[in-house]
Amino acid sequence: MKKLLKRNEFYVSVVIVLLIILIQGKSGQFFTSNNLVDLARSCILPGILTLGITIEIIAHSIDVSFPAIAMITMYSVTEVATSAGYTGPVWILFLAAALMGTVLGSINGVLAAWLKLPTLIITLATSSIYMGIMQGVLKCRVIAVMADPLERLSETYLFVAQNKESGLTSPLPVLFLLLIAVIIVVGVMLKYTMLGRSIYAFGGDPVSAQRAGFNTVFIQIFVFAFMGCLAGLGGMTRTVLTGSCQPTTLDGYEMTCIAAAVLGGTRLSGGVGTVKGSLLGVLLMMIVSNNLILLGIPTYWSKFVTGVFIILGIGISSYQALRAQRVLSASVLETAPAEKDAKEAVRK
Amino acid sequence: MSDTILKVTNVTKRFGGVCALDNVNLELKKGEIHCLVGGNGSGKSTLIKIISGFYKPDGGTVEIDGIRHTQKYSTMDAIAAGVQVIYQDMSVFPNLTVAENIALTINKSENKKLVNWKQVDEVAQQAFDKIGVQMPLHELLEDMSVADKQIVAIARAILYDAKLLIMDEPTTALTRKEIDKLFEIVRNLQAQGVSILFVSHKLDEVFEIATRFTVLRNGQNIITDETSNATREKMTYYISGRTIEGENFHADIREGDTPLFEVKDLCLENGFENISFKVMPGEILGITGLLGSGRTELAMSLFGLYPPTSGQIFIKGKEVKIDSPMAALKNKIAYVPEDRLTEGLFLLQSIQDNISVANIDNMCRKNGSIDEELVRADAEKWRDRLSIKLGKMEDAIGTLSGGNQQKVVLAKWLETKPDVLILNGPTVGVDIGAKYDLHARIREIVKDRTTAVIVISDDVLEVIQNCNRIIVVKKGRITDELSNEGLDEATLVSVVTSRS
């Protein structure tokens with residue numbers, strides 16, 4: 001119980017439950033099949049990208065270039081496929097985007113690991129470069145009618161929920177499975193592979209990680225490359241979900257994802273973060289941006305509320321750290337070390 | 001099979017023009033606890049790094065368990081030969097659990113790709129069984145004490161089938177109780193045939209734990225002997241190269257003087273209660289107590305870092321209000337903190353700037369610019385008075401040894417001509433020679449009878465030798481007040497540790 005109270009995940013869950021009760025109570029609309037499916041659908045893209053940034057933050061890095069990577073890969077792949085009249089399997093396109101994203105992400109990683117430059121500055125720069133290439137070199141434009149396989153995928157649904165009264169339909173795109181796959185891959189990697197654990201170790205203390213024999217250069221490049229890969233997949237997901245390719249569609253998306261990760265307890269100083277927490281963070285952000293309207297709050301307030309939640313989220317963790325310190329010194333004052341040892345011995 | 005685990009023969013190491021080690025020899029028998037003793041800059045750390053394969057010696061050989069190692073000897077070879085070093089920072093991961101901290105590196109060195117959490121717990125449990133302690137396996141290390149982190153580091157080292165465990169000043173941040181526990185573990189390991197090279201400059205520890213010791217000074221062997229043949233005086237001489245007389249400080253107290261500094265019923269929530277004491281002209285007041293007794297909180301309150309919740313403070317009979325460090329400075333209170341590296345110095349700034357910083361307002365020309373010549377003259381004055389050993393005044397302070405850094409901190413505050421000087425752990429991490437210099441200097445300060453000096457320390461010998469009156473703090477309250485006359489170490493220790 002004590003451990004539970006220390007975790008951001010617990011507080012985020014409580015806030016989510018309270019919000020749901022509030023929304024359901026006031027509008028009766030939350031637990032309708034339409035709303036739930038819409039919510040699930042809206043979580044797909046931020047879910048994928050937030051898991052990527054979570055890994056990076058655990059490794060004590062920050063990345064603001066992944067929306068740019070997502071947009072440039074999405075645009076390049078869609079443009080090539082569309083103008084070539086590609087008709088093959090759609091997964092080839094996703095694979096191509098993933099590879100291209102990986103390459104672009106690795107560039108960040110190489111700069112960070114070898115030149116030891118601050119990651120925020122590096123990714124600000126590469127982000128700017130990728131956007132410049134898109135507008136200048138590729139002269140990007142909106143692709144309204146995409147290659148056939150992409151168009152078909154955007155109309156493939158797992159199921160369609162229908163509201164009996166209004167007749168409104170909400171389909172759950174098949175790409176929801178991609179989110180599930182990413183969750184499983186990242187979850188297993190972070191918890192059950194040495195690679196995942198080395199990312200935590202590196203984030204906790206880079207010097208100790210190096211002394212323990214971990215290849216810290218590889219770890220840093222890997223986290224950026226992996227983010228790039230997820231950004232490539234995320235870009236394609238965005239195209240398919242919106243049914244068209246809009247080159248600026250992800251502008252500013254990095255803040256949403258970083259906020260979701262931090263809300264979920266990912267520590268900006270590195271070493272701490274979980275898949276569960278980040279997904280809860282995404283869910284909270286999406287409930288706020290989708291469902292506040294059900295409470296009669298205009299949509300433009302959703303950013304405001306998100307900001308408040310972020311401050312609260314960070315506030316809770318710093319408050320806990322502060323209190324932990326106070327409790328520690330207070331407990332020392334109450335029991336002299338000798339007595340404390342005796343107590344411990346009794347407990348054993 | 002020989003009974004020697006480590007044999008260092010005629011090892012020499014130079015860094016540029018400086019000879020860090022000059023034909024040094026060191027021999028450890030199997031299952032022996034051996035102390036490597038020496039002041040700052042004596043070459044202890046360099047020697048450890050040569051044994052662990054981190055540095056290559058310029059001459060001489062390292063022999064482990066009868067096998068002579070060549071120039072190619074690396075850290076990996078050292079680990080393979082059974083040498084494990086626990087450095088002062090311990091190289092642990094605060095964000096991971098106890099069990100994972102122990103198992104992670106061994107799993108890495110076995111080149112595992114996947115993590116089996118059951119095996120992680122088993123490995124950790126095994127390690128704890130081996131050193132004979134029990135710890136919560138799933139606690140995060142960042143929630144644990146320095147002592148516990150140390151035990152985790154030992155447990156981890158043991159997993160590598162260590163034959164020789166080198167511990168670099170492991171007791172620096174530990175309380176007496178924790179040191180006892182650590183020593184118990186070390187003896188337990190010794191019983192299992194592990195040899196231990198214990199690096200320290202605390203004499204009582206050397207006598208307590210080691211069977212033999214080796215003293216280094218200025219990169220040279222001074223002596224290797226059984227600890228039973230040595231006394232504290234002899235040891236002090238070996239380490240510092242001079243005899244240091246241990247005469248206790250006597251205060252010259254005159255009737256009718258007003259106290260220089262006085263506090264009445266000072267309280268801090270969660271810190272201490274009803275603290276009252278006076279410091280008369282010519283006195284050095286000692287405050288001692290265990291870690292967590294409230295002594296540090298008290299020091300910080302007197303300097304305004306934790307403003308007291310109630311009570312009064314008087315300087316030279318006048319009541320003052322200390323609610324911030326700025327207020328403390330204005331009332332001429334100077335505070336030399338326990339952790340000089342993070343709280344007392346600007347490590348990357350030059351030595352002379354560090355000395356002048358607290359008094360910078362008085363070193364300006366009329367137009368407000370800093371008078372560099374004055375700064376320099378002043379720094380030179382303190383260098384000579386406190387015999388600070390340094391290369392150039394412009395060097396970064398981080399290049400000095402611990403003892404000399406502490407002298408600079410002291411110089412910085414003396415420069416402000418304080419009415420009240422609070423020294424918190426003035427000689428923590430300082431070697432014997434520099435310690436003596438610092439003590440002599442502290443005694444000189446009170447001779448002019450205008451500065452109240454308060455020494456807060458858990459080094460009982462230090463307070464007995466240098467303070468004419470000693471206040472013992474326990475659980476945030478003053479429990480005893482003693483004169484240093486006829487007071488011996490054992491008595492004070494029992495007063496400090498007794499329960500009340």
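**Entry 1: helix 15 of chain B**

I began with helix 15 of chain B, residues 432–445, in what is a predicted model. I found 14 residues in helix 15 of chain B and a reach of 20 Å from its first C-alpha to its last, close to the 20 Å expected at 1.5 Å a residue. The expected span of a helix is 1.5 Å times one less than its number of residues.

Which residues of helix 15 of chain B are buried? I noted B:I432, B:A434, B:K435, B:Y436, B:D437, B:L438 and B:I442. Buried here takes 20 or more other C-beta atoms within 10 Å of a residue's own, exposed takes 12 or fewer, and partly exposed is in between, with C-beta atoms placed from the backbone. The cover over the buried residues of helix 15 of chain B includes helix 8, strand 13 (284–288), helix 14 (402–414), strand 17 (420–424), strand 18 (452–456) and helix 16 (460–466) of chain B.

**Ground rules I kept beside me**

Residues are numbered from 1 along each chain as its sequence is written, and chains are lettered from A and ligands numbered from 1 in the order in which they are written. Because the model is predicted, local features need pLDDT of at least 70 and side-chain atom pairs count only at pLDDT 80 or more, while totals for chains, interfaces and linings use all residues.

**Entry 2**

I moved on to helix 14 of chain B, one of the elements covering helix 15. Helix 14 of chain B is mostly covered, with 12 of its 13 residues buried; among them are B:G403, B:N404, B:W413 and B:L414.

I picked out B:K412, which sits in helix 14 of chain B. B:K412 counts as buried because 22 other C-beta atoms lie within 10 Å. What does B:K412 touch, not counting residues up to four places away in sequence? I listed B:N354, B:I355, B:V357 and B:A358; contact means C-beta atoms, placed from the backbone, within 7 Å. I also looked up B:V336, which is 76 residues from B:K412 in sequence and 9.3 Å from it in space, C-alpha to C-alpha.

Next I followed strand 11 of chain B (residues 261–268), which runs antiparallel to strand 12 (residues 272–279) and is joined to it by 5 bridges. Strands pair if DSSP finds at least two bridges between them. B:F261 has B:V279 in strand 12 of chain B as its bridge partner. Strands 11 and 12 of chain B make a hairpin with 3 residues between them, and B:N270 in the turn has a positive phi of about 60°.

I found another positive phi, about 45°, at B:N274, although B:N274 is not a glycine. B:N274 lies in strand 12 of chain B and is partly exposed, with 13 other C-beta atoms within 10 Å.

Strand 11 of chain B also pairs with strand 14 (residues 310–315), in the antiparallel sense over 5 bridges. There B:V263 stands opposite B:I313 in strand 14 of chain B.

**Entry 2: chain B as a whole**

I counted up chain B: 17 helices and 20 strands. The radius of gyration of chain B is 25 Å, close to the 23 Å from the globule rule for 500 residues, so chain B is as compact as a globular protein of that length. That radius is taken over C-alpha atoms, and the rule is 2.2 Å times the number of residues to the power 0.38. Buried residues make up 44% of the 500 residues in chain B.

**Entry 3: a look at chain A**

Chain A comes to 15 helices and 2 strands, and 45% of its 348 residues count as buried. I looked up helix 11 of chain A, residues 216–242: its 27 residues should span 39 Å at 1.5 Å a residue, and its end C-alpha atoms are 39 Å apart. Of those 27 residues, 22 are buried, so helix 11 of chain A is largely enclosed by the rest of the structure. Just after helix 11 of chain A, A:G243 takes a positive phi of about 75°.

Note on methods: Helix = DSSP H or I, 4+ residues; strand = E, 2+ residues; numbered from the N terminus.
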